[in-house]
Structure formats: C-alpha cells, structure tokens
Amino acid sequence: MPESPRETQSAPVTMPFDRSTYFDPPPRLAEYRRESPIRRLAFTDGHLGWLVTGYDTARAVLADPRFSNRDAFLHPIVPPEFTNPLQTGGFPPSFFLFTDPPDHTRYRKPLTGHFTVRRMRLLQERVAQIVEERLAEMERLGPPLDLVAEFALPIPSLVICELLGVPYTDRAAFQRDSRLLTDFTTTAEEAAAALGSLGGYLYELILRKRATPTDDLLGELASAEGFTVEEIIGMSMLLLIAGYETTANLLGLGTLALLDNPGQLALLRDDPSVADGAVEELLRHLSVVTVGSTRSATEDVEIGGHTIAAGETVVVSLAAANRDPLRFDSPDDLDLTRQAPGHLAFGHGIHQCLGQQLARIELKIAFPALIRRFPGLRLADPGAPIPVRTYATVHGVERLPVTW
Ligand code: HEM
C-alpha cells in the first residue's frame, strides 16, 4: 500500500554522512529540518530514537536535565562494523563528557577556574609566540607544504600540552590514539588498544607528577585531594583529546574555507576588528563537532510536539542547528561580519565546551597571523580533491597542501 505523505514524513531516517561540499553539513539534514526540527532516527543497532536538526529544539534538548549524557545509553549511528567508543561507550567513568550530575559537577568544577576568560587572556602572549614559531618554521620549510601537519595540528597540540603539562615530544603516540578514539571507522580492537595505550601513558605521567609535582594542570590535579589516579586519567584523557582535535580541525578546514572565499579572506587580513566575529562565524559555519551531542531521556519528555519516551536516545546535529534559517539569515553563507551570537558549535547546557575560551584565543591569533604572513597563500594543486574525515565526531581535512 502506498504511504501517505504524513507517514512518509515521519518515517525513521538513518543518520546521513555524505556531504556535497567541504563545508556544508550533509544536504539531507537540511531536508529533514525543513520537514520538522525533530524526527525519528533509526540507530544502526535497531534502536528507534530521534534526530534534532532545528536550532530551538537543539537548545531545548541540551538544556533539559531530564536528558542524560551517560554513555551507557549510547546507540550507534554508523554502520555496525565501526565500533568507536564515542558511539558505544567504553571510556573511563571520569571522562566527564559522558557523566550526569552530581558526578559531572564533581569532575568539571575543579577545572573551570583553569579555563576562564581571565586565565586564557594570560595565555594570549604564549599562544602568539607559538603561532609565530610555527609560521617561521613554515617559511623555513618553504612551499609547498601540508598546512595541517605544519600549522593546524601543531598549534593546538603545543598549547594544550603546555597547559596540561604533557610532553609535546610524546605527541606521536597520543595523537595516534586520540585520532582512533574520535574516528567512527575504528574497530573494537583498535579502540581498546588506543584506550589502553593512552590510559597507560597518562597513568605513568600522573604517577611521575605525584612523585615530583609540576606547575601545570595535570600536576595540580595529580596532587589534589579527592581524586584517585584512575579518575585523573579519565579527566585528563578528555582534556587532552578535546583540547586539540577540535581546534586543529577548525584551523585546517577554516583555512580552506577562507581560501575558497577570497573576499572574506581579504576582510579578515585587512581589518583586525573583524577577527572576533570572524572566528564565531567560522565556528558556526563549519561546526566541526557535527554529531557530538547525543542525549537519552530519563523520563518521558515533550519536545516540539513529540513525546520522547524514557530510554529513547536523541542525536542533536549541531551542524544542522547552526544552519537553521529560522535562527540565522542566509545560514549557508560564510559572512565574517555577521553578528550572530548564540551559535551551538560549542554545544549548550551543562556540557557546553569547557575549553571554548582557549579555542577562541588560538583561532583569533592563528587565522589572521597566517593570512598576513603569507598574503599569497593558496592551494598547491587547486584541482586536486582534499581528503576529508567523513565518519568522525570531528569534521575536517586530513591534509591541506598549500603554497604561497
Ligand atoms: C574549535 C574548538 C572546539 C570545539 C568546536 C569544541 C566543541 C565542543 C562541543 C560541541 C562540546 C559539547 C559536546 C556535548 O555536549 O556532547 C565540547 C565539550 C568539551 N570540550 Fe570542546 N570544543 C573545542 C575546543 C576545546 C578545547 C580547546 C578544549 C580544551 C581542553 C575543550 C574541552 C572540552 C571539554 C572538557 C568538554 C566536555 C565538557 C563537559 O562535558 O562538561 N574543547 N566541546
């Protein structure tokens, strides 16, 4: 029997991943949002949950304490052969992104003082120095080079390493592990190995810091009362992974977006007053944490005329919400002069990004410095496709070969 339009509209969909451009979310998300800001989503393990694509609905779900973020409720949205723990759980219990109050409050509260606007301003000079050093190194190496390897990845990695007190010389191992842990295509064996190796690395480091205290965030945590070594491992694992993967991908993809929009690039290069708004717009437009926020109802919740039953899981597409035309005029345009506060690139509610002020400082310094130092910056091979991360929690380019 043919389905009626109403039935077709409310039929469960699967999570779309295919993009038609480097910058826009999968086009099917916009179609779904046009039909309804919230609709049924079929998870790949058979669970029937919900997909949120509208801005207001996204904020409503993320701010509602009746939704849990515990990974015990997670259901996968990618094909079953991919078993990344961000999809199915497995992180240590103190990896506090996946906790609810009161545990969440206990783990997050002692860290908030380290990430305030004031504390981050004190870091500004050091970040600028790190950016200058990377630019000088790019100059030394000469074109063409991979902007991801020489600029986008090292800057946030160096900054978070210094802040946490993780030796940057150890980056090869933790970058490999955290990459596996944020990629949806990781197998169960790879994920277990990466969790074991990153956990073991942090364990050794924390024990060393307990024996010989250091003046950095992990040093402080290691000697703080009230947390076991296992708890500190989970907390520092989250800080380390979240602290550079996201910013690195925004620096890489953001540079590609600027090269693709020469008028906008010129605006940012020539007018320093544009930088603050430009960074917010790049965050909104690119929404590199695309399908991050997954929540599960702990009781029946009415949202947007639908009842989310207790136990049902909701995927909030931050990327789709940030392109909602009911919230942002011409949402698909990259407009660095747009005055549009309130984007959801850092999430919303109690799990809203702890490191957002740090990310802002890095991005506000790095983008203008790059395009001023290399006014002739361009793609090394404009016709060649750029490899992107399709099945990953953080969207971005794998490599960005540039010249100048
Ligand atoms: C462009 C850069 C960044 C973006 C787009 C970003 C995005 C996000 C988003 C969307 C969430 C919320 C996820 C959810 O609700 O499920 C989040 C959480 C978090 N982010 Fe970021 N982030 C960035 C940079 C950073 C940096 C530099 C740090 C530094 C440590 C950081 C640390 C964290 C932590 C610890 C959480 C978990 C907060 C909690 O659960 O209470 N992030 N981030």
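**View 1. C161 and the cysteine sulfurs.** In this predicted model, C161 is buried, with a relative accessible area of 2%. Its closest cysteine sulfur belongs to C353, and at 17 Å that sulfur is too far away for a bond. A disulfide would need the two sulfur atoms within 2.5 Å, and the count of disulfides comes to 0.

**View 2. C353 at the iron atom of the ligand.** Let us now turn to the other cysteine. The SG atom of C353 lies 2.3 Å from the iron and is the only protein donor to this atom of the ligand. C353 belongs to the loop between helix 15 (318-321) and helix 16 (356-373). With a relative accessible area of 27%, C353 is partly exposed.

**View 3. L344 and its neighbours.** The loop between helix 15 and helix 16 also holds L344. Here the residue is buried, at 1% relative accessibility. Leaving aside residues up to four places away in sequence, L344 touches Y55, A58, R59, L318, A321 and N322. From L344 to P143 the C-alpha distance is 36 Å, and 201 residues separate the two in sequence.

**View 4. Helix 12 packed against helix 14.** Helix 12 (residues 229-260) meets helix 14 (residues 275-286) at an angle of about 95°, and their axes are 11 Å apart. The two helices are therefore roughly perpendicular to each other. Helix 12 brings L250, L253, G254 and A257 to the contact, while helix 14 brings L282, L283 and L286. Sorted by type, the contact residues are 6 nonpolar, 1 polar and no charged.

**View 5. Two cis peptide bonds between prolines.** Most peptide bonds are trans, so these two are worth a look. The bond from P101 to P102 is cis, with omega near 5°, and P102 sits in the loop between helix 4 (85-88) and helix 5 (103-112). P143 and P144 are also joined by a cis peptide bond, here with omega of about -5°. P144 is placed in the loop between helix 6 (117-141) and strand 4 (145-146).

**View 6. Two serines with positive phi.** Most residues other than glycine have a negative phi. S287, not a glycine, has a positive phi of about 35°; the residue lies in the loop between helix 14 and strand 5 (294-297) and is buried, at 2% relative accessibility. S330 has a positive phi too, near 35°. This serine is in the loop between helix 15 and helix 16, where S330 counts as partly exposed at 44% relative accessibility.

Conventions
Residues are numbered from 1 along each chain as its sequence is written. This is a predicted model: local features need pLDDT of at least 70, side-chain atom pairs count only at pLDDT 80 or more; totals for chains, interfaces and linings use all residues. Side-chain values use heavy atoms; hydrogens and water are left out. Donors are N, O and S atoms within 2.8 Å of the metal (3.2 Å for Na, K and Ca); water is not among the atoms, so sites may look incomplete. Helices (H or I, at least four residues) and strands (E, at least two) are DSSP runs, numbered from the N terminus. Axes are lines fitted to C-alpha atoms, for helices over the stretch in contact, and angles run from 0 to 180 degrees between N-to-C directions. Angles under 35 degrees count as roughly parallel, over 145 as roughly antiparallel, 65 to 115 as roughly perpendicular and the rest as oblique. Contact means heavy atoms within 4.5 Å. Ala, Val, Leu, Ile, Met, Phe, Trp, Tyr, Cys and Pro count as nonpolar, Asp, Glu, Lys and Arg as charged, and the others, Gly among them, as polar. Buried means under 20% relative accessible area, exposed over 50%, partly exposed in between (1.4 Å probe, protein chains only).
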